Amino acid sequence: MCLPLSSQSERLNPKKAERKTCPKAEIIVRAVLHRHIQQDPSIPARLLRLHFHDCFTTGCDGSILIDSTDDNIAEKEAPPNFSLRGFEVIDDIKTELEKVCPGIVSCADILALATRDSVAFSGGFSYALRTGRRDGTVSRMADFHIPSPSITVSQALADFQSIKLDLVDLTTLLGAHSIGFCHCGFFIDRLYNFKGTGLPDHEMDSNLLNRLRQKCPASTLQNISIDPNIFMNEGTSTPFKLDQSFFKNVLDAKAILQLDQQLAFTNVTNKIVSRYVDRPKLFRKQFSQSMIKLGEVNVLTGKEGEIRHNCRRVNK
């Protein structure tokens, strides 16, 4: 059951809730999103990543959507964001909402709602989402930070704890890697020169290693312009379904990213992973809960920020 945007008691900051609402907002978001997914089934994965990158740096304020200007280099220009996609989906949703209720629904709320519906379209559980986020007015490349896919679980946990997420959230949200694509550049060191050894990562399944080497030749290291996309959850029969198959791959040494694979090698995360493999519904339930927590990281409410007219630039 989705909470309507017009439900004042469920807004992020009910005491400062705006009087104006947009009752049809969720219907519009879902309709436009569905149209895009019909054309490109990878859209849910793209929006999940976009939302995560937005929330992790300065909070869920839509600042990842802002374009650079002559006097400012925006967050989206940071190297980890070069492969972000899905901006056009948010643009289209914003355009439709502005026709019905101009100046009411923030870009931050649009991204959160579209991501929530992406989870549901991918087979996850839908979840009630509190709204009322305001849009940030600052987006600087220098401020951007995201955990690297090559760090340890303990290092990633420190990053997650900095935004008030815990080890369960970390393990669960990495389950988003059950859908979508990944560039070879994010893991190619595991295939050829892991940690400078001149050898592949011995923790990777040998069959997976051979398949990935065929798809990601060593020449990719010298020419990132030819860096191909491969499925994040390599070998699965459900590459666009948010399910427990990612965690099974973790236990079978078939995770592509180093951080993902490390989940199998710490006592607590191994237990969580094993539990999700045995109880798929538990994973989907916890994924929704962790997404709710992520979506409320350092939000702007009340008179903070603004409601952008165009998600790619701040209001004049």
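Student: In which loop is the place of K195?
Tutor: We're working with a predicted model, where local features need pLDDT of at least 70, side-chain atom pairs count only at pLDDT 80 or more, and totals for chains, interfaces and linings use all residues. Residues are numbered from 1 along each chain as its sequence is written, and side-chain values use heavy atoms, with hydrogens and water left out. Helices (H or I, at least four residues) and strands (E, at least two) are DSSP runs numbered from the N terminus. On that numbering, K195 sits in the loop between helix 7 (188–192) and helix 8 (206–215).

Student: Is K195 buried or exposed?
Tutor: K195 has a positive phi of about 55° although it is not a glycine. For accessibility, a 1.4 Å probe on protein chains only sets the classes: buried is under 20% relative accessible area, exposed is over 50%, and partly exposed is in between. K195 has a relative accessible area of 64%, so it counts as exposed.

Student: Is A253 buried or exposed?
Tutor: A253 also isn't a glycine, and its phi is positive at about 60°. You'll find A253 in the loop between helix 9 and helix 10. Its relative accessibility is 18%, so A253 counts as buried.

Student: How many Å separate the C-alpha atoms of A255 and S178?
Tutor: A255 lies in the loop between helix 9 (245–251) and helix 10, and its relative accessible area of 3% makes it buried. Leaving aside neighbours within four places in sequence, A255 is in contact (heavy atoms within 4.5 Å) with residues including R190, M204 and L208. A255 and S178 are 77 residues apart along the chain, yet their C-alpha atoms are separated by 9.8 Å.

Student: And how many Å separate the C-alpha atoms of R313 and T266?
Tutor: R313 is in the segment after helix 12, and at 51% relative accessibility it counts as exposed. R313 and T266 are 47 residues apart along the chain, and the separation between their C-alpha atoms is 43 Å.

Student: Which element gives the most to the lining of the largest pocket?
Tutor: A pocket here is an open set of points on a 1 Å grid over the protein atoms alone, where a 1.4 Å probe fits, with protein on both sides within 12 Å along at least five of seven lines; lining residues have an atom within 4 Å of a point. The largest pocket has 42 lining residues, with R49, H53, P80, S83 and F186 nearest its centre. Elements giving two or more of them are helix 2 (43–58), strand 1 (181–183), helix 10 (258–262) and helix 12 (280–294). The top contributor, with 6 residues, is helix 2.

Student: Between which domains does the largest pocket lie?
Tutor: An automatic or database assignment gives the domain bounds, and the centres of the two domains, taken over C-alpha atoms, are 24 Å apart. Across the divide, 20 residues of domain 1 are in contact with 19 residues of domain 2. Both domains give residues to the lining, so the largest pocket lies between domain 1 (16–146) and domain 2 (153–293).

Student: Which residues have the most contacts inside the largest nonpolar core?
Tutor: A nonpolar core is a set of buried Ala, Val, Leu, Ile, Met, Phe, Trp, Tyr and Cys residues joined through side-chain atoms within 4.5 Å. I90, for one, is in contact with L47, L50, L65, I110, L111, A114 and C311, leaving aside its neighbours within four places in sequence. In this core of 70 residues, those with the most contacts are L50, I90, L97 and F287.
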